[in-house]
Amino acid sequence: DYCLLNREFPTAASMAKIGTRLWAYVASRTDVGIYFKLNAGRVGITSTPSALGRFGDVALGDAVLCCVSGVSLDGQYLYLDRYDHDWDYFDHQMRPASEPEVGAFGR
C-alpha cells in the first residue's frame, strides 16, 4: 500500500541523505528518465544511462528498493539508483569498473 510506503522516515528531510535506502513506486517512465513517488513530499528521479539500465525490468506501479544517490539543490528531488546488496552505486569508489581508477578516486 502506498500509504505505508517509507513510513519509517519521520520527515522528508530525513530520507534526503546520500546512501539512504527507501522504497519507490514507479510513477512515470520515459526514454530519458524514471520518476518515482516516495510518499514523502519529494519526487524520486533516475536519469543517468547506467542507473536507467538497472531499472530495465520494472514496470509502472512497481515498488522498488532504491538508494539515494543525490539530492537536488532545492531538496525537492532525490536522485535514486536501484539498491544492490553487492555494490554501492551512489559511492563512486565502490562502483564496479572494467579498469581500475587512478588519481584522487583510485581504488
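**Reading contacts, core and cysteines**

Tutor: Gladly! This is a predicted model, and we can start with one residue. Beyond its neighbours within four places in sequence, Leu80 is in contact with Leu22, Ala24, Phe36, Leu38, Gly44, Ile45, Thr46, Phe55, Cys66, Cys67, Val68 and Ser69.

Student: Which residues have the most contacts inside the largest nonpolar core?

Tutor: They are Leu22, Phe36, Leu38 and Leu80, in a core of 16 residues. Two or more residues of this core come from each of β1 (21-29), β2 (34-37), β4 (63-71) and β5 (77-82).

Student: How many disulfides are found in the whole structure?

Tutor: Here is the general idea: a disulfide is a covalent bond between the sulfur atoms of two cysteines. In this structure the search finds zero. Take Cys67: the nearest cysteine sulfur belongs to Cys66 and is 7.4 Å away, whereas a disulfide needs the two sulfurs within 2.5 Å.

Student: Is Cys67 buried or exposed?

Tutor: Cys67 is buried, because its relative accessible area is 4% and buried means under 20%. Cys3, at 60%, is exposed.

Student: Where does Gly33 lie, and what does it touch?

Tutor: Look in the loop between β1 and β2 for Gly33. Leaving out residues up to four places away in sequence, Gly33 touches Ser28, Thr46, Ser47 and Leu52. The C-alpha atoms of Gly33 and Ser47 are 4.3 Å apart, although 14 residues separate the two along the chain.

Student: What pLDDT does the protein chain average?

Tutor: The average is 85, and 79% of the residues score at least 70.

Notes: Residues are numbered from 1 along each chain as its sequence is written. This is a predicted model: local features need pLDDT of at least 70, side-chain atom pairs count only at pLDDT 80 or more; totals for chains, interfaces and linings use all residues. Side-chain values use heavy atoms; hydrogens and water are left out. Buried means under 20% relative accessible area, exposed over 50%, partly exposed in between (1.4 Å probe, protein chains only). A nonpolar core is a set of buried Ala, Val, Leu, Ile, Met, Phe, Trp, Tyr and Cys residues joined through side-chain atoms within 4.5 Å. Helices (H or I, at least four residues) and strands (E, at least two) are DSSP runs, numbered from the N terminus. Contact means heavy atoms within 4.5 Å. pLDDT is the predictor's confidence in each residue, from 0 to 100.
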